[in-house]
Structures are given as C-alpha cells and as structure tokens.
Amino acid sequence: VTENRILAKVTRPEVADAFLKPAPDRLIEKMLAEHKITKRQAELLKEVPMADDLIAEADGGGPTDQASALALLPSICRLRDQRAAQFAYAERVGVGAAGGIGTPEAAAAMFVLGADFIMTGSINQCTVEAGTSEHVKSLLQEINVQDTAYAPAQEMFEMGAMVQVVKKGLFFPARAKKLYDLYSLHNSWQEIDEKTKAQLQEKYFQRSFAAAYEAAKALLPDKELQNAERFPKAKLAVVFKWYLERAQRLAIEGQSEQKVDYQVYCGPALGAFNQWVKGTRLENWRNRHVDDLALRILQGASGLLEVK
C-alpha cells in the first residue's frame, strides 16, 4: 500500500518511461542510508512505478513542447503497457490526455486514442474560478482558434523554450520574440544600437535598463545574481526575463493601461470552446464554472462515443 500518489504530466516518451519504472536503485540506496525507509520498504519499492498515473500533454497553453496528441498519446499508452508487462505491476497506471481539449469532439478523440481520463487547461482560464483578472477573462471569451501564438518562455529563456499565449490585441508575443532575438545576437546591453535601446526602455520596460535591472534583482536567487554581475550577457537575460515575468503579473492584476503587454497562457482549445458555446449563456465567462464545463464536455463526448 502506497500512501502517496503521484500524477506526472509528461510531453516526451523518455520522460514518461522514467515514471513508468520503479524508483532507481541509487535513490533507494540513498534513502536506506539516510534511514528514511526500511529494508522491507526498499524491497517493495521495486514493485511499484514512480507514478500512479501519467498525463500525456500535447500542444497546449503555457509552456509547451508543441507535441501532437495523435502521436504522443498512443506512444505513451503503448509504453505503459510494455512496462506493465515487464515489471508485473499489481495496479494499472492510468494515462490521461491534456492539451487542445476544449470541446466534446476533442475529448472524444482523446478517449478513442486510448486516454483513461482528460485534463483541461486553457478553458479554465476563462471561468469564474480562474485567478486572473476580469479584464483578461473578458479578452479570453472573445478569442478564436487562430488567436494564439508562441513566445519565448521566462523559464529556460536562454535555451529558447516556448510558451503558447494569446496574441489577439496584444503586443506581448512579438515583443518577447524581439527580446529573444536581441539576446541571441548580442553579448551585452552596450552592443544594442541606440534606437533599439530607446524603444525597449520607453515601450517595453517603461524605465531605464538600469532601473529594470534593479527591479529584477529583487527576484533573483544569489547564484543567478552573482552570474549577472560577472557576465554582461547573463545580465541582459535577467532584464529580458524580468519583462516576461512582469507581463504575466500585469495580466493577473488586470492593469488595463498596460494591456498590450499582457502575457496570458492559452491554447486554441479555448477558441474552439468559445465557438461551441456561442449564442448560449456560457458565452459570458461569468456563467462559466470549471466543474460545469468539465461535466458538459464529458457528457458531450459520451454522447459522441455511444454505440447507436
């Protein structure tokens, strides 16, 4: 009997594989040495996978590897079956689907592909329960499937990681991309031409580069701060990432005078949902509740999958 339950969201088969196997021997041995588990528990750990359930996350809102559900979900389900046979687990690891699910048709497709359950994301951004601002929710209820874009992510910015965000009526995706391009081309703030510097300070940061750096410093761990003080390119990344973090905070707080800089995680699933509920009471986000949306999507998918 395992008291703890782990639900892992994965975007790649090799990551899923780590969760589908028992805990690595090195971790078990380390916990034994630290007296965190008994010898009997160490033996039993070899009979259970690292995760109780997995979620195969396709291309959705926010951080994304832009995976295709049509390819990813069956691959992970097949891998789950292979590891179950190899290790003879007593309980079956469930595989759920996430990313791009905003209508009954999308949910039904995931179940046909082998999903045991589904997880919605983007559609929940535009509900009463969502923690973002009312201003953002009013913006979200108007988007269509083509109104999202990819932009550089704050986390792993230097490596070119991406997030999917709303682009309709916002400058953020284009501005974030420009910052990443500038980071890729230059080794310091001093290398950037004066015209571009002025544009960044006036339009993007709304303050000087030095002031933006001071604001960013308050958010940095000591190691990253020391790195920024030593290397001009690292300092450039710190300020550019500060702009991305600030853009997300502006959206959550709903500062309407700076709307163009909103960073709002969202995928096309919300656009599909908006079209599905157009002309009904759910067209207005104030009538949308997370539990109700989940039930409606599942009931709709059930009707589509029902054998006539």
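This is a predicted model: local features need pLDDT of at least 70, side-chain atom pairs count only at pLDDT 80 or more; totals for chains, interfaces and linings use all residues.
The protein has 13 helices and 7 strands.

I will start with the overall picture. The chain has 308 residues, and 43% of them count as buried. Along its principal axes, the C-alpha trace spans about 65 × 60 × 30 Å. If you take the contacts between residues at least 6 apart in sequence, 64% of these join residues at least 24 apart. I will come back to individual examples of such contacts later.

Next, a pair of helices. Two packed helices are described by the angle between their axes and the distance between the axes. The pair I picked is α7, residues 172-185, and α8, residues 194-205. Their axes come within 13 Å and cross at roughly 145 degrees. The crossing is left-handed. Which residues meet there? On the α7 side they are R175, K178, L179 and L182. On the α8 side they are T196, Q199, L200, K203 and Y204. Sorted by class, that contact has 4 nonpolar, 2 polar and 3 charged residues.

Staying with α8 for a moment, look at what follows that helix. Q206 sits in the loop between α8 and α9, and α9 covers 209-217. Q206 is not a glycine, yet its phi is positive, about 55 degrees. Buried or exposed, or something in between, for Q206? Its relative accessibility is 40%, so Q206 counts as partly exposed.

There is another residue with a positive phi to show you, A88. Its phi is near 50 degrees, and A88 is likewise a residue other than glycine. A88 is placed in the loop between α4 and β4, the strand at 94-98. With a relative accessibility of 61%, A88 counts as exposed.

On to the aromatic side chains. A pair of aromatic rings is described by the distance of the centres and the angle of the planes. How many aromatic pairs are there in this model? The count comes to 10. One of them is F87 with Y89, which is a stacked pair: the ring centres are 5.6 Å apart, with 20 degrees between the planes.

W189, F205, F209, F240 and W242 form one aromatic cluster.

Two lysines are placed over tyrosine rings. K233 lies over the face of Y183, at 4.2 Å from the ring centre. K235 lies over the face of Y213, at 4.5 Å from the ring centre.

Leaving out residues up to four places away in sequence, R80 touches L20, R92, V93, G94, V95 and D116.

Then M162, found in strand β7, residues 162-166. M162 is partly exposed, with a relative accessible area of 27%. M162 and P63 are 99 residues apart along the chain, but their C-alpha atoms are separated by 5.9 Å. Beyond its neighbours within four places in sequence, M162 is in contact with G62, P63, T64 and Q66, and also with Y150, A151, P152 and A153.

And finally E283. Where is it in the chain? E283 lies in the loop between α12, at 268-276, and α13, at 290-305. At 32% relative accessibility, E283 counts as partly exposed. E283 and Q141 are 142 residues apart in sequence, while their C-alpha atoms are 7.1 Å apart in space. Q141 is also among the residues that E283 touches, along with V277, K278 and R288, again not counting residues up to four places away in sequence.

That is what I have on this model.

Key. Residues are numbered from 1 along each chain as its sequence is written. Side-chain values use heavy atoms; hydrogens and water are left out. Axes are lines fitted to C-alpha atoms, for helices over the stretch in contact, and angles run from 0 to 180 degrees between N-to-C directions. Helices (H or I, at least four residues) and strands (E, at least two) are DSSP runs, numbered from the N terminus. A crossing is left-handed if the near helix is turned anticlockwise from the far one by less than a right angle, and right-handed if clockwise. Contact means heavy atoms within 4.5 Å. Ala, Val, Leu, Ile, Met, Phe, Trp, Tyr, Cys and Pro count as nonpolar, Asp, Glu, Lys and Arg as charged, and the others, Gly among them, as polar. Rings of Phe, Tyr and Trp (its six-membered ring) pair if their centres lie within 6.5 Å; planes under 30 degrees apart count as stacked, over 60 as edge-to-face and the rest as tilted. A charge sits over a ring if NZ of Lys or CZ of Arg is within 6 Å of the ring centre and within 35 degrees of the ring normal. Buried means under 20% relative accessible area, exposed over 50%, partly exposed in between (1.4 Å probe, protein chains only).
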